[in-house]
Amino acid sequence: MPQRTSNQKHYTLGINVPDRFHGDEITEQLAHIARVGFDGFFTLWEHGYVEKWANAAARHGLFYQSIHAPYLEAGKLWQEGEEGERVLCELLACLGDCARFDIPIMVAHAFMDFVDVPPTEIGFARHARVLEEADRLGVTLALENLVRSSSLAALMERFRGVECCRFCYDAGHESCFNEGEDMLSLYGDRLCHTHLNDNFGVTDRTLPPHLMPNHDLHLAMGDGTIDFADVMDRLDKTPYEGLLCCEIKLKNVPGRHDHDRYIEMPIEEFYAFVLERARAMRDRTLPRKNA
């Protein structure tokens, strides 16, 4: 099997805490994540819990790399009115938690809906306010590739010279939703974070827009059809070196059973399994797809 060579980058490995866990449960999960050998992790944002998670990370020697900001209402940032201001306030509060507890990155969605809406000036103005606060606090805003790239492209272009405006690469989203675009070629020079997971691409194009996320399975690397040898080759071409974070789910999407064996595993066995796959991806021992 191929081995890592001396000229390959040194990547450490991290994982999300799966979204079936919340609050104090996440503190408990961090012990398992550390025991199996992960170097770091990220979480979704829950108001009032970040301090507990940061303290647990310190106890277990884990790097708390990022918080994923609330995303289901991200589209409202582009709309006039109080709802957009409320979503903006959530992002600013999340940034504040990142700064208070030495978490260097906040991941955000440029948009969420599956109907593409043109960017607006009020949306740009709100994102500018987020970036101003991120810069003041010393936190990086990582914008993630989603189902369409127009909003992301508009933000990356508008804030091209803003150092704290960076890119989070999601391999599963690229496979399902970016219509063949090489997102690392587009934004790899601004890469600061990863969401690495597998899927089978879009297998049913007749699904209505609100069901399209069902293709985004968040499987362990090697359990779908993404060529992670190619992903690693492209990651190596970027300036980024550091923590590669997996983003794996522990629940099935409606009508599918891809996650059954994950769900049946004891939780520490699940984390060890994902770490094994992550190491194989990093070390190029996963079979190359379409070879």
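I take a cavity to be a set of points, on a 1 Å grid over the protein atoms alone, where a 1.4 Å probe fits but cannot get out. Grid points are joined across faces, edges and corners, and a volume is the space filled by probe spheres set on the points. The model is predicted, so I note that local features need pLDDT of at least 70 and side-chain atom pairs count only at pLDDT 80 or more, while totals for chains, interfaces and linings use all residues. Residues are numbered from 1 along each chain as its sequence is written, and side-chain values use heavy atoms, with hydrogens and water left out.

**Entry 1. Cavities**

I searched the whole structure and found five cavities of 30 Å³ or more. The second largest cavity holds about 40 Å³ of space. I listed its lining, that is, residues with an atom within 4 Å of a point. The lining consists of Val17, Pro18, Asp19, Phe21, His22, Ile26, Thr43, Leu44, Glu46 and Trp53. I sorted these with Ala, Val, Leu, Ile, Met, Phe, Trp, Tyr, Cys and Pro as nonpolar, Asp, Glu, Lys and Arg as charged, and the others, Gly among them, as polar. The division is six nonpolar, two polar and two charged.

I placed Pro18 in the loop between β1 and α1; helices (H or I, at least four residues) and strands (E, at least two) are DSSP runs, numbered from the N terminus. Is Pro18 buried or exposed? I use buried for under 20% relative accessible area, exposed for over 50% and partly exposed for in between (1.4 Å probe, protein chains only). Pro18 counts as buried because its relative accessibility is 0%. For contacts I required heavy atoms within 4.5 Å. Leaving aside neighbours within four places in sequence, Pro18 is in contact with Ile248, Leu250, Phe270 and Tyr271. Pro18 and Gln29 stand 11 residues apart in sequence, and their C-alpha atoms are 9.2 Å apart.

Glu46 belongs to the loop between β2 and α2 (50-60). With neighbours within four places in sequence set aside, I found Glu46 in contact with Phe21, His22, Gly23, Ile26 and Trp53. Glu46 and Ala69 are separated by 23 residues in sequence and by 9.0 Å from C-alpha to C-alpha.

**Entry 2. Helix α1**

In helix α1 (residues 24-36) I recorded Ile26, Thr27, Gln29, Leu30, Ala31, His32, Ile33 and Val36 as buried. Their cover includes β1 (12-16), β2, α2 and α10. Gly37 follows α1 and has a positive phi, near 120°.

**Entry 3. The largest pocket**

I then turned to pockets; a pocket is an open set with protein on both sides within 12 Å along at least five of seven lines. The largest pocket contains about 600 Å³ of space. Of the 30 residues that line the largest pocket, Asp19, Tyr71, Asp216, His218 and Lys249 are the closest to its centre. The elements giving two or more residues to this lining are β2 (40-44) and α6. I counted 15 nonpolar, eight polar and seven charged residues in the lining of the largest pocket.

**Entry 4. Asn145**

Asn145 is in the loop between β5 (140-144) and α5 (150-158). It is buried, because its relative accessible area is 0%. What does the side chain of Asn145 reach? A polar contact is a pair of N or O atoms within 3.5 Å; within protein, one must be able to donate a hydrogen and the other to accept it, and residues adjacent in sequence count only if both atoms are side-chain atoms. A polar atom of the Asn145 side chain lies 2.8 Å from the backbone nitrogen of Asp170.

I found β7 mostly covered, with five of its five residues buried. β6 and β7 pair in the parallel sense over four bridges; pairing requires that DSSP finds at least two bridges between two strands. Thr194 in β7 is the bridge partner of Tyr169. Thr194 is buried, at 0% relative accessibility, and its side chain reaches the backbone nitrogen of Cys245 at 2.8 Å.

In helix α8 (residues 228-236), I listed Phe228, Ala229, Val231, Met232, Arg234 and Leu235 as buried. Among the elements covering them are β6 (165-170), β7 (191-195) and β8 (243-246). At the start of α8, a side-chain oxygen of Asp227 comes to within 3.1 Å of the backbone nitrogen of Ala229.
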